[in-house]
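Reader: Could you show me how to read the pockets in a protein model? I'd like the general idea and then the case at hand.

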Amino acid sequence: MPELKKFQSQITFIYLPDIQPAIDFFEGILGLEMMDDQGWAKIYRAAGDSYIGAVSGEKAFKKYQDDSAVLITFCVDDVPAWYEYLKSKGVKILREMQDRPDNQVRCFFIEGPGGYSFEIQEFMNPEKAKIFHK
């Protein structure tokens, strides 16, 4: 492999038939900051150098699918607080909060815009938390 520079950041794009629910969700509920507004695409900072983009269907590289196999995970330090907050905002809970001893995480799953699944997760293993909780 040739000597290449390391990746500078990472963006995950989700494709939607209507971008407004993503704006409402990312800005209004999750409180993410929009970093780039391209009109038909919006890019939000998720954490550090990690971003999530929402793309309206008419100009998308990929087409929206009713049943996406994508899971987007946000790592947090207080899963119970996020669980209560998102429930209070009326966000649909797909799987209740649970501790997973097999991989030492606490998590729950929600439905986001366009039916995409999101996981809110906390690493309970201190060594893993050092990596994913910044």
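Author: Gladly. Rolling a probe the size of a water molecule over the atoms shows where empty space is left. Here, a pocket is an open set of points on a 1 Å grid over the protein atoms alone, where a 1.4 Å probe fits, with protein on both sides within 12 Å along at least five of seven lines. The second largest pocket has about 160 Å³, a volume being the space filled by probe spheres set on points joined across faces, edges and corners. This is a predicted model, where local features need pLDDT of at least 70, side-chain atom pairs count only at pLDDT 80 or more, and totals for chains, interfaces and linings use all residues. Residues are numbered from 1 along each chain as its sequence is written, and side-chain values use heavy atoms, without hydrogens and water.

Reader: Which residues line the second largest pocket?

Author: Lining residues have an atom within 4 Å of a point. Among them here are Phe13, Tyr15, Lys62, Lys63 and Tyr116. By class, six are nonpolar (Ala, Val, Leu, Ile, Met, Phe, Trp, Tyr, Cys and Pro), two charged (Asp, Glu, Lys and Arg) and two polar (the others, Gly among them).

Reader: How much space lies in the largest pocket?

Author: About 610 Å³. Of its 23 lining residues, Ala46, Ala47, Phe74, Cys75 and Phe132 are the closest to the centre. Its lining has 14 nonpolar, six polar and three charged residues.

Reader: Which strand gives the most to that lining?

Author: Strand S5, with four residues; strands are DSSP runs of E, at least two residues, numbered from the N terminus.
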